[in-house]
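Let's take a walk through this protein together. Have a look at the fold first, and then we'll go through it piece by piece.

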Amino acid sequence: MAIPPSLCIEKLKQALDYAEVGQHPVEVHGALVGLICGGVKQENFAWLTPLVELMNDGQPLEANLQKLISELYQDTVTRLVDFEFGFTLLLPEEEVPLSERVEALALWTQSFLTGIAIIQPQLAKASSDVREVIKDLADIAQVEFDVGDDEESEVAYVELQEFVRMSAILCYSEFGLDMPLHDTDEHSNFH
């Protein structure tokens, strides 16, 4: 059974706070998904170096935080590789006020775009579908939403979230690599 996003976000937030890393969990997941969907090399924890650059200015991560992020990475890869597992964005659940969920979606999208741009500097040469999606995601990441707590706003948010999710899958299908699901090189362990 999958861990609810709220528990995963809270656990990751506690580890980020303990390690004094000034990132929100949705930013970490967005960047991680961006790296994966951009086609980051998977062997020997190669994905960890650019992620640590983005989230901690290249400084090694505290051991528990690295373990949590490694588990999140494995879960994300599994979900992207096998459609049956259902890839989802790590975002607050519907109990959280809509304005906070919209802000989290914008943060996730910004981090995703940063991650994919680092790994895939040739985005201008991508297929027209991917270029269009990247442009749309950039617009989503920059927009400041004024949302009400009504059904129409909720429906719009759900549609936007699904668009971002499908955009990530499209990018993965173009750039992502066939990935080993268990990266166990112990020599690359950051502390």
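A residue is called buried under 20% relative accessible area, exposed over 50%, and partly exposed in between (1.4 Å probe, protein chains only). By that scale Glu-154 is partly exposed at 22%. Keep in mind that this is a predicted model, where local features need pLDDT of at least 70, side-chain atom pairs count only at pLDDT 80 or more, and totals for chains, interfaces and linings use all residues. Residues are numbered from 1 along each chain as its sequence is written, and side-chain values use heavy atoms, leaving out hydrogens and water.

Now for the overall picture. The protein chain has 7 helices and 0 strands; both are DSSP runs numbered from the N terminus (helices are H or I, at least four residues; strands are E, at least two). Of its 191 residues, 43% are buried.

Back to Glu-154, which forms a salt bridge with Arg-101, with the closest N and O atoms 2.8 Å apart. The pair links distant parts of the chain, since Glu-154 sits in helix 7 and Arg-101 in helix 5 (residues 98–119), 53 residues apart. A salt bridge here is a side-chain nitrogen of Lys or Arg within 4 Å of a carboxyl oxygen of Asp or Glu.

What does Lys-135 pair with? Lys-135 forms a salt bridge with Asp-139, at 3.5 Å between the closest N and O atoms. Both lie in helix 6, 4 residues apart, about one turn of the helix. Lys-135 is exposed at 52%, while Asp-139 is partly exposed at 39%.
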